[in-house]
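Please open your viewer and get your selection tool ready. We will go from stop to stop, picking residues and looking at what surrounds them.

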Amino acid sequence: KYKITLIINNIKQQFYIFDLIRIINACLSYDYNFFPEPRYIKNPWDNSKMSVSNIYNIYFFIKNMKNVTVPILFYRFFQSNLDLSHYLNHNQFIIKDYLIKNYKNFTDDQNIKYIKKMINSYNRSKASSNNILIDKLFPDKKLVPIFKPYLKYYLLSCYSYESDIRIANNILFKKKL
């Protein structure tokens, strides 16, 4: 009941809807350093752009399911008539909020990059009297579980559109570190 069959290039292909939702969210929330740059939804098998009809079929398949809700990014893309530029121009706040809330899905490289930025930011701040120093030989992979609990506060303090959220999380981030 969680499979959808789509016809792509005259070939029937089956997908689990949860895989498609993950792919759709990844495309619609694509970013570069927290600057949203959504991408067209692509077929995972051949990396070709999904047809408009298949995107509509996926949307209505999800909409008609009882236990699955349409993800907010996909819903907003649907409301934008599947126009990426309109979607981006009217949903940057939602996309950025989605990115921050889903920081736990970052790759190890992304985690390490933002953790190092977080530590540098903390060390540069005037509020920190005790700098965090990490030996160059300390393995990056061990940094992730140690500092990941503080990453959400840092990301909100840097990338939130709302100034009150940035200020409150900046205080929390420095206090917790």
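Predicted model: local features only at pLDDT ≥ 70, side-chain atom pairs only at ≥ 80, totals over all residues.

Residues are numbered from 1 along each chain as its sequence is written, and side-chain values use heavy atoms, leaving out hydrogens and water.

**Stop 1: ring pairs**

Rings of Phe, Tyr and Trp (its six-membered ring) pair if their centres lie within 6.5 Å; planes under 30 degrees apart count as stacked, over 60 as edge-to-face and the rest as tilted. By this rule there are 16 aromatic pairs. Select F34 and Y114: the ring centres are 5.3 Å apart and the planes meet at 75°, so this pair is edge-to-face. F34 sits in the loop between β3 (31–32) and β4 (35–36), while Y114 belongs to helix α5 (residues 108–124), 80 residues apart. Helices (H or I, at least four residues) and strands (E, at least two) are DSSP runs, numbered from the N terminus. Both F34 and Y114 are buried, where buried means under 20% relative accessible area, exposed over 50%, and partly exposed in between (1.4 Å probe, protein chains only).

Now select Y122 and F173. Their ring centres are 6.4 Å apart with planes at 75°, so this pair is edge-to-face as well. Y122 lies in helix α5 and F173 in helix α7 (residues 163–176), so the pair ties together parts that are 51 residues apart in sequence.

**Stop 2: around F173**

Stay on F173. Is F173 buried or exposed? With 0% relative accessibility, F173 counts as buried. Contact means heavy atoms within 4.5 Å; not counting residues up to four places away in sequence, F173 touches M118, S121, Y122, Y153, Y154 and S157. Show Y150 too: it is 23 residues from F173 in sequence and 6.4 Å away in space, C-alpha to C-alpha.

**Stop 3**

Next, select Y56, Y59, F60, F74 and F78, which ring pairs link into a cluster. From F74, move along helix α3 (residues 72–79), where L73, F74 and F77 are buried. Look down the axis of α3: the buried residues fall within an arc of 100°, so they line one face of the helix. (The arc is that of the directions from the helix axis to the C-beta atoms.) Among what covers these buried residues are α1 (17–28), α2 (52–63) and α4 (84–101).

**Stop 4: lysines over rings**

A charge sits over a ring if NZ of Lys or CZ of Arg is within 6 Å of the ring centre and within 35 degrees of the ring normal. Select K49 and Y40: K49 lies over the face of Y40, 3.9 Å from the ring centre. Then try K96, which lies over the face of F35 at 5.7 Å from the ring centre.

**Stop 5**

Select N54 in helix α2. N54 is buried, with a relative accessible area of 5%, and its side chain reaches the backbone oxygen of I7 at 3.2 Å.

Most residues other than glycine have a negative phi. N47, in the loop between β4 and α2, has a positive phi of about 65°. N81, in the loop between α3 and α4, also has a positive phi, of about 55°. N47 is exposed at 54% relative accessibility, and N81 is exposed at 60%.

Key:
Polar contact = N/O pair within 3.5 Å; in protein donor to acceptor, adjacent residues only side chain to side chain.
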